[in-house]
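Please study the sequence and the model shown below, and then work through the exercises on how the parts of the chain meet.

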Amino acid sequence: MRDIAHFVNGQAFNGASGRYGDVFNPNTGEVQARVQFATDGEIDAAVQAAAKAQVGWGAVNPQRRARVMFEFKRLIERDMNSLAEILSSEHGKVIADSKGDIQRGLEVIEFACGIPHILKGEYTEGAGPGIDVYSMRQPLGVCAGITPFNFPAMIPMWMFGIAIAVGNTFILKPSEKDPTVPVKLAELMMEAGAPEGVLNVIHGDKSAVDAILTHPLIRAVSFVGSSDIAHYVYQTGTAHGKRVQAMGGAKNHGIVLPDADLDQVVKDLSGAAFGSAGERCMALPVVVPVGKKTADELRERLVAEIDTLKVGVSTDTAAHYGPVVSAQHRAKIADYIQIGVDEGAELVVDGRDFHLQGFEKGFFIGPSLFDGVKKGMKTYQEEIFGPVLQMARAESFEEAIALPSEHQYGNGVAIFTRNGRAAREFAARVNVGMVGINVPIPVPVAYHTFGGWKRSAFGDTNQHGVEGVKFYTKVKTVTARWPEGDVEDSAFVIPTMK
Ligand code: NAD
């Protein structure tokens, strides 16, 4: 059995805890490797290595740090195919989605390549007589990231890409379900020229997370995962004096106004609800058609579209999506579908009986569609995180805008319409952090910033973009006065080139 080790101080590090997590191949349902879980002492050793490395790395000039980022980008592009294959084999998403996962992370690295420009501070000349004021952004020290299974490349890069570029060193605790790509990223960061100890990966479960949250040398923690754990991470980390940003779960709605282009909506919904088996925090699992005519027509077209979807192994280039991440997650999705039926929603398409020939033990589940979903239902209130699309009909624009606005989650939302005024009003009023207008998955580009509202994010600062730079730096402001007469006149002689 292959063992997945930690990566500390520039090399693989075999822990001695004797605790492991199983890493499955979701296509076959078999355990393909086991990942070591770190002890508190091993985590402390990694943090000490990172703290030692930070002294030198923080003093490297920003342009040199940017050069490491440029080289890191080149190396990832070199290894794109093999990284995507590994990612796909542990997560279950199809190869094209795996490449997308890596590519979206790379875009944050591209943003980080511009760090010399972004780190330029502010300057006021003559704030008082002979007084100038300037500010600078300095690194925090050692920062940590705790990441979910569903984007094992992109989300780590959201975090360490910025953290390292601004001069911090980093401890990454990736999901124990698909830990190989995060280790590969750390190896590539070393190959790109980052000194030892700049990017470390330690594996584990709650116990590793707790060791990070309470470690006195870790200054900031970025978390992405489910909401209850995000809340716990936020509370525990801040109680231990750390800066924390903790992104949580989601239940994104797609509002369809009667004037929308339904052909486009059906295509968009199919990708956004079922792509990556619905295991995306920016998936669109709730569709809200406005008016009976829109709803009836949309339902008919969705049923036809779902019929064309191909579920297959993650290496099947014709498959729309692959297996979900684990047997437990598959069972949880199936349970939610049953709860939906029991609480009175109409199950129009039932994906539970899907089996892939030759891969009977794989974690596959077919696409499902519900109609008649109501606000009070448990399956509407909670995140299912699977290939299940729920139709919640609305009578009016006001009712449609109220649904996502009043929901406990507020990550993303989309509106489909040809009416610019309606879209503008929707974007301004809806109580959700990221809005798409005829864009089903409105994940902002890397130089903007990613973050939801309500129970989708705890803390004030978003991921990547300038907000990410703010999260991983602290501001120092200098007020300087140089009185006349304190220096010899000769000090003002301007040197000339000989
Ligand atoms: P998860 O919450 O189970 O795990 C996330 C991380 O927390 C992992 O590293 C895991 O090891 C750790 N963890 C697990 N149990 C813990 C505990 N009891 N205490 C402390 N840490 C613990 O999430 P997941 O299943 O890996 O990922 C899916 C979830 O992540 C979904 O809810 C999804 O919406 C969310 N997500 C959110 C965003 C966003 O930006 N808002 C992005 C991607 C995924």
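The model is predicted: local features need pLDDT of at least 70, side-chain atom pairs count only at pLDDT 80 or more, and totals for chains, interfaces and linings use all residues. Residues are numbered from 1 along each chain as its sequence is written, and side-chain values use heavy atoms, with hydrogens and water left out.

**Exercise 1.** Describe the extent of the interface between domain 1 and domain 2.

*Solution.* First consider contacts (heavy atoms within 4.5 Å): 19 residues of domain 1 touch 25 residues of domain 2. Then consider buried area, the accessible area (1.4 Å probe) that two parts lose on being put together, summed over both. This amounts to about 1800 Å², with 58% on carbon and sulfur atoms. Finally, of the area that domain 1 buries against domain 2, 29% is supplied by Asn27, Val94 and Ser456, more than by any other three residues.

**Exercise 2.** Which side chains form the salt bridge?

*Solution.* Apply the criterion: a side-chain nitrogen of Lys or Arg within 4 Å of a carboxyl oxygen of Asp or Glu. One salt bridge is counted between the domains. The side chains of Arg280 and Asp97 meet in a salt bridge at 3.3 Å, N to O.
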